Amino acid sequence: MADRAALEDLVRVQGERVRGLKQQKASAEQIEEEVAKLLKLKAQLGPDEGKPKFVLKTPKGTRDYSPRQMAVREKVFDVIISCFKRHGAEVIDTPVFELKETLTGKYGEDSKLIYDLKDQGGELLSLRYDLTVPFARYLAMNKLTNIKRYHIAKVYRRDNPAMTRGRYREFYQCDFDIAGQFDPMLPDAECLKIMCEILSSLQIGDFLVKVNDRRILDGMFAICGVSDSKFRTICSSVDKLDKVSWEEVKNEMVGEKGLAPEVADRIGDYVQQHGGVSLVEQLLQDPKLSQNKQALEGLGDLKLLFEYLTLFGIADKISFDLSLARGLDYYTGVIYEAVLLQPPARAGEEPLGVGSVAAGGRYDGLVGMFDPKGRKVPCVGLSIGVERIFSIVEQRLEALEEKVRTTETQVLVASAQKKLLEERLKLISELWDAGIKAELLYKKNPKLLNQLQYCEETGIPLVAIIGEQELKDGVIKLRSVASREEVDVRREDLVEEIKRRTSQPLCIC
C-alpha cells in the first residue's frame, strides 16, 4: 500500500507539472516529454480495483445552469412575475410531490409520463406533472371559491427529452390562474392579454395565439360520427396537426384507433380551418354544427371573447384554429396555445409555427373532482413555457456574441497604494450598510491595474478608489469603467452618487 501511495503522489506532482507547463505555454516538445513521463507513471500505478467507477453527468432530461444562464433566466422570470403582479395576482406554493391518487386520471394519454416514487411508508406518491392539478387540490382542500394566483416551480415528466428545443424531464412552469364564478369570457380574455404582454415584452419574435373550445371540438366529433368513448383519443390525434400532415393524422385515426374513413374525412373538413371572428360567425351558420348544443355554446362564447380581445388590442395576434385540441383531460371550455412564427420562406406564404411557448384554457370541473360534495369552482389559466423561451434567448445571445452580466455589483472598492486594506474594509462596510452592491479583491495589496481589469471582465460599472491623498482630503475617487472618467466625490455623498449613476433599469438580455 505504501508503494502505491508513493506512486499516486508522483502522479499528482507530475500532473501538476504538466498543467503548469501548459499554462506557461511551454514548447510542445517539452510538454510532450512531461506527458510521456506522466503516462509511464500511470501505467505503473495500474487500475485501482478498490475505487468505484462512475460517470459525472446529470440525469437524462436535466441540466445544470451556469451563472450566465441563470442571469438570463432571472431576467426572464422578472418580466413574467412583474406582468402577473401587474394583473393583481397573489403567489402560492405546493409540495413537489403529491399523493398518486391526486394526479391519476387527470392527464389522459399523458398519464404514463408521471414519475411515481417508491413507497416510503404507507403513502403512494408521484412527482407533480404540472401546477394546475395541485392548484385545484389546494382550492378544494382549503374550500376557496375565488383567487387570482401565480405559481412558478419545477415539474417532472418521463418524456423523451429534446434538450436543444427546450424539452426536459425536469423543468419550470410559470402558471397564472383565475378561479371563481364571473361573467363569461372576462377572465379568459385577461389570460390571453397576459400571454400577449409577456411574449411581447420578452422580444423573442413574432407569435400567434391559437384559440379553440373543447365544447366545439366535442360537438364537432359528435356530428361527424365519433362515439363518446373515442372522443379523447381522437382529440389527441387531432392535436398533432401542428407537427404532422392531415394524411398522417388521418392514418393514425383510421389505422390505429379504428375510426371509419368517412368519419375521419368529415373531421378533416373542419379541423383544417382557421381564421378570426369571421370563421366563428361562419360556423354559427353551419347547418350541422349549429344544431349541436355544446358547439353552439362554445361558438357563442368565442364570439364574445373576440369582442373583448379587440377592446384589449390583441385580436390581430389571435387565430381561431379548429385543429387545436390540447390533450389534457381536464379542459372544459376555451383552450389556447401561443406559437412562435418563423418568417415565410417565400413572399406570399404564411409564416410557419416553430413551437409552443405558452398555453392554457378553462377547466371548470377539476376542483369538483377533489371536493367531497363535488362543488365546482370555475377556473381559467395559462402557463408560460419558460424552458423553450430560455433556449431561444440563449441561442440568440450566443449568435450575437453578447456579454451577459452574472452579478449586480455596482461598484468595486479599490486602493491605489499599498497598506490600505483597513480603509477598503471600512468603506465597503459603509456601502453594504447603505444597500450598495459592492465587492473588493481578496488581497491585502492588489495592483490597481488588476482591480480595474476585474471590473472590465465582470461588467462592474464603477470603481471607488482610495488613496492616501483622498483620505487626507475626505474624498473618494469614483471612476467610470466604461469612459475611464474620474471624479472626486465627498465621502458622505458617495452612496447617493453611486445610486444616481447605477439606477438605470437592466435590459432583458
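This is a predicted model: local features need pLDDT of at least 70, side-chain atom pairs count only at pLDDT 80 or more; totals for chains, interfaces and linings use all residues.

Me: Why is Phe97 called partly exposed?
Reply: Its relative accessibility is 40%. Buried would need under 20% and exposed over 50%, so Phe97 counts as partly exposed.

Me: What makes Phe77 and Tyr172 an aromatic pair, and why is the pair called edge-to-face?
Reply: A search of the whole structure finds 7 aromatic pairs. In the pair of Phe77 and Tyr172, the rings are 5.3 Å apart centre to centre, with 75° between the planes. Pairing needs centres within 6.5 Å, and edge-to-face needs planes over 60 degrees apart, so both labels apply to Phe77 and Tyr172. This pair links distant parts of the chain, Phe77 in helix 3 and Tyr172 in strand 5, 95 residues apart. Together with Phe390, Phe77 and Tyr172 form one aromatic cluster.

Me: How do you know whether Phe77 is buried or exposed?
Reply: Phe77 has a relative accessible area of 12%; the limit for buried is under 20%, so Phe77 is buried. Tyr172, at 22%, counts as partly exposed.

Me: What sits over the ring of Tyr129?
Reply: The charged end of Arg157 does, 3.8 Å from the ring centre. Elsewhere, Lys317 lies over the face of Phe207, at 4.5 Å from the ring centre.

Notes. Residues are numbered from 1 along each chain as its sequence is written. Side-chain values use heavy atoms; hydrogens and water are left out. Buried means under 20% relative accessible area, exposed over 50%, partly exposed in between (1.4 Å probe, protein chains only). Rings of Phe, Tyr and Trp (its six-membered ring) pair if their centres lie within 6.5 Å; planes under 30 degrees apart count as stacked, over 60 as edge-to-face and the rest as tilted. Helices (H or I, at least four residues) and strands (E, at least two) are DSSP runs, numbered from the N terminus. A charge sits over a ring if NZ of Lys or CZ of Arg is within 6 Å of the ring centre and within 35 degrees of the ring normal.
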